[in-house]
Amino acid sequence: MLATSPTRTHAATGLSDAVARRIAAGLPPAARIHSVYRSVVNVSIPDGLLSVAAPWLGGLPNGILVDLGPDFRALGLRRGMGVVATDMSVGVPAIGLEIDLMAAARWSARLACPDGGPSRAADRWRRRRGVAWAEARDRAVPGGLGALLGAGSSRGDDPGVVRRAGASVDALRASLLAGNRPAAHRAARGLIGLGPGLTPSGDDVLVGIEAALRALDGPLAGFVGGAIHDVHDRTTVIAATLLRHAAAGEFAERIQALLAALVGHADEAVPAAIQRAVAWGATSGTDCLLGVLLGLDVASEPGRRAG
Amino acid sequence: MTTVHARVFRNSYRDSVELMQIAAELEAIAGVDRAGLVMATPANLEVLAAAGLLSEAVVGAGPNDLVVALSASDEDVVAQALDRAAARLAGSGSEGPNEAVGTTVRTIAEATVELGTANLALISTPGTYATAEALKALKRGLHVFLFSDNVPIEDEIELKALARARGLLVMGPDCGTAIVDGVPLGFANAVRRGSIGLIGASGTGLQQVSCLIDRFGAGVSQAIGVGGRDLDERVGGVMMLAALERLAADPATDLIVLISKPPAAAVAERVLAAAGTIAKPVIVNFLGGDPAVVTAAGSIPAATFEAAAAIASAMALGRPVPVDDSLGADEGPGADEGPGADTPEAPDAAAPHASDDAADAGRHGAGSFAVRQAKAALDPGQWRICGLYSGGSLAGEAKLVLRASLGADAAKRHEVVDLGDDEYTVGRPHPMIDPRLRNEHLAAAASDPSTAVILLDVVIGYGSNPDPAGALADAIDAARAEAARQGRRFAVVASVCGTSGDPQGLAAQEARLAQAGVILAPSNARAARLAARIVAPATVAAGVRR
Amino acid sequence: MSQTGTSVLFPEGVRAVNVGLDMFAPPLVANGATVANLDWRPPAEGDRDLGLLLARLEDDPDDPIGRRVAAANASAVERLLAAQPMLLDVQPARVALGLGDRQILHAGPPIEWDRMCGPVRGAIIGATLFEGWAGTPEEATALVESGRVSLSPCHHHAAVGPMAGVISPSMPVVVVENVSAGTRAHATLNEGLGKVLRFGAYDASVLQRLRWFVDTLGPALSGALRAGGPLDLRSLTGQALQMGDEGHNRNIAATSLFARAIAPALVRTADQATAAAVLDFLRSNDHFFLNLSMAACKSALDAAHGIDASTVVTAMARNGVDFGIRMSGTGDAWFTTPVGVPDGLYFPGYSPDDANPDLGDSAITETFGIGGFAMAAAPAIVRFVGGSPADALEFTRLMGRITLARNPSYALPPLGFIGTPTGIDARRVVDSGIAPVINTGIAHRQAGVGQIGAGIARAPLACFAAAIGGLAASLGIANRSWTGA
């Protein structure tokens, strides 16, 4: 006389290619809940984190998008609970939660080539970079590296972090422009794990720079790959996961959208895109935006192809 | 002597805003010099070292561990601050609230045990869950005040049928206000107690009538909201009928006022028939309904909230009952100097409204002087009334008054919007709580060159914004400045729905608006009529004198 | 002015429950009303339909269903509180349970061999070897896989077993009768810690101990009980709760009381060597009484089972894969959900990664209101989860919020001698989201390694929600189908 209690099944709405591949390969038995936030549940797998996120967060390179209600913390998920997967679903047996992946839209975390090619896009960026930097300065939120946008220091910024980040960013910019890969790696390693929060500010900046360099085919695009061999010892597992995706050329939908607006055809799209960018996370949005702007500048530096 | 200490929280994940807040809290403790909360990445540990915040406690911490590092004047302060940090980090975070140890009650079943005898449930959960909570309350013999909206109508029918069978009231769903035995529920005002019983299917309508009764010097025995759909054909007015029975039997209630939009004909017939059998006078305000039907059924019709309050107050105070011509055509300048014209002589509260003195033109009084002055300031291109309302029923009353004052065709050119409607409040707080939505509309209306008058309601009382007039006044100042830059002036007409006992204070709110040059009326109906007179061509206004 | 006292609405004054926005409460209080503010959250974990069914199952003298449920629960509680479990005898399962050849019982809700966890499989192989149905573990596995050994839950045979809970025909079982209702329940004899069958071990030492149970311990206890007369387990448990036991994870007081009670008859009926060996075994096994406690609880709960429309939970059990409950008013149906690893303290060298998901029928003790529900009696237990003695009291108070009665036979000194919370009402669990707490041992996921820790588990809410849905369906008020069998 066996009866199985009803499992709560939620249909995922989105899924990145990278995650789809990962799940198709089978999750290891050690997949466990890592952390639970209002809109995100992270699952630890041996090489990083899988994020189950609310659809409004947009595509994540390591993410499944699904609406699990207004507060994921109310589901009864606990750190350490086992997570099982088939190619069609992901579930947490302990609370009878199942996420159906059948109908999820597959989404590519790989950057698209900008319209008209990188060099036209770089021309457009040169034209509007002043506006974009000014907008970013006005919108920067306190607590991260907004000061490096020229926003001035705010209450909540850690002057020690800002100073170190500033030095590393300067060194990174110079080494990228000079095409000096070892120096770029060294400077990048100064940023990894630097700053407060789940994804330390320095990591967000690196992801932003990498995305911009790849979009405009800039110098040393892909440099992040050489700086992260020991990333799990140097930053949080969340940040490490996103850096590894960045090294593989995979970025969150919001970063793709930001880049598309910054180097796209419509001048008027820029302020709104920047406003959306800084709204991301606590300080991550501002920090990542800083990286994107820096990366676009480096990639569109007039003399750089000669160097 | 500064001492440095740190504590490590393993596998703790907080966002940086939370960490910043905690750091700021720690730095606010007297004796704490600096505080840093970071994940123990090598880079962050170097920053801590450079800041002189590194201590041996951090040895062994890794990138997925949270470090709280402090420098402070002495050991006691350090211990205190670290405990505070630990408490804050334990208080929230990735694992949600710690429910293992909870002494607060979670269910109606438990609460009724705690209260001994409970007799009322106030339910304001999301609508999806409200039906179940209301059912549980009714089954335990509790009356229900159901503030929640988005309750399916089938559920409302079931709940009200059950309540009817049990001799209980379901006030709602989507019921904003009630006053039971002098106790305000939801959005309600501090109204004087008295002998008038109110039953309303309209939230701000019930508030407006009860506040005006207070202003006219009378008082309220009970104000029972029944929810906006109670007089729908499917619900059949079952709660209005139940409340009517209650008040008919209530020795403290001498007369009864019913307030609603016009109900379905069959429902109106049933309600009016029931009212006709009661030995107490029943005043019926079916906003926009046909007064003849009411009269034929033996009750007293009132066309506006103000008229309903005026008639009821006069009867309760033993004064001559005024003729309800509140929706009569405008009598022109000078005829409408104050409440005395078509309402009972209101004692204390009426005094400030009656004056037509230039010195008082900014306050009530709103008589010909204020109207003349406002008219004179308008350019020929300014002709539009823009009503921006937070109360739906008040917006409805304003439309009705404009139609009566200006004629149906002319009234169509003007605009009265209910900003509390779902259409505007999706994802935003209700304008009675948060003024920003209306302020945005106000700025837009002010920059429209055709705007002549901005017409507003200001609802105060329990649950409302703590200073709605203040928030509005600032927005009005800004809007006037912008219009002035474009070489225009416009008039602002408003009424405050509230009483002197309300937390915000009626007089204080009116004074703040007056200071911003707002033309104040003692009631919403009257505010709408003033607005109409400001835009009405002088000849027309003079011509329809009866 | 209207006067309180003559009010047509609230003659006793306004006494309100505030469900939802906290901001509505202060104006009531300021105007003289009494208000209880709920820490409200959506019932049934946000399942609207189930939340509504729950409301329809509320006690209600004026509603046919509410009346039935209330009466059924009152009757169930009455039977629980009246229960008087007596230990009558110790007999082989073949005799006491009528177990036939190649029939093995296991813990928890029903489960097929293919899905069983390591410890249960190990114990079944061990029992097959012990009974001589196979000569080697490989042969035993092949025999079971061939389907020629019948496997079913202890609960289906008036029995309960801790951890793997495996019972085979030769094993001696305790015979407990709830004399107020005539219900009997059975459990094996507790083997102690270390390498034991209930954790899936089956080496020579394990089988040797079991043979000693068959040849010596079982007959000796049987002889003593027959000579000394039945033993009142209710009063024994009541005393133990006042001595720091909670009847599940701490049984040292009850085991000592048992030894004291049985010793005189034992030395009179058994030879000296046997009596010495039995008493020595009891001295070395602090958990001996656990199995008696479980059988006592089972005999009491079975008396309250099968009452039409009752929402009283009559069994909670785990098989290391699923957690399952039975409810009085839903007959033989199990409502199951996958089970997790308990939260607890691990013996040195072990971590949650080594743990088997929660296992055993021992949650029958919590179902009857002792164990985790009586944590106030045994504050030491909360140390398994890093709690304080105050937390122990709080756990018991919390369980009081999901139960229908207090059992006066089991008074709790730290709580002013009020009784243990008894009669879990599935409605209260689903409505409040307060999950029953279960004190439990933690087994290694590999057969035979044994116990690696102890801790506290919370029963998954989903089982209770499903049971409510199942009952509503059987009463004809469900608007969607609920799995139940």
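**Exercise 1.** Find the residue that stands opposite B:Ile123 and the strand it belongs to.

*Solution.* B:Ile123 stands opposite C:Val19, which lies in β1(C). Helices (H or I, at least four residues) and strands (E, at least two) are DSSP runs, numbered from the N terminus. The model is predicted: local features need pLDDT of at least 70 and side-chain atom pairs count only at pLDDT 80 or more, while totals for chains, interfaces and linings use all residues. Residues are numbered from 1 along each chain as its sequence is written, and chains are lettered from A and ligands numbered from 1 in the order in which they are written.

Next, take the strands. Strand β4 (residues 120-123) of chain B and β1(C) run parallel and are joined by 4 bridges; two strands pair if DSSP finds at least two bridges between them.

**Exercise 2.** Describe the side of chain C that touches chain B.

*Solution.* Start with the totals: 51 residues of chain C are in contact (C-beta atoms, placed from the backbone, within 7 Å) with 49 residues of chain B. Then look at the elements. Those that each supply at least two residues include β1 (15-19), α2 (48-56) and α13 (389-400) of chain C. The largest share, 6 residues, comes from α2(C).

**Exercise 3.** How do helix α7 (residues 204-228) and helix α10 (residues 272-284) of chain C pack?

*Solution.* Their axes are 10 Å apart, at an angle of about 90°. Therefore α7(C) is roughly perpendicular to α10(C), a term for angles of 65 to 115 degrees. Finally, name the residues: C:Thr216, C:Leu217 and C:Ala220 of α7(C) meet C:Thr274, C:Ala277, C:Val278 and C:Phe281 of α10(C).

Terms used
Axes fitted to C-alpha atoms, helices over the stretch in contact; angles between N-to-C directions. Parallel < 35°, antiparallel > 145°, perpendicular 65-115°, else oblique. Contact = placed C-beta atoms within 7 Å.
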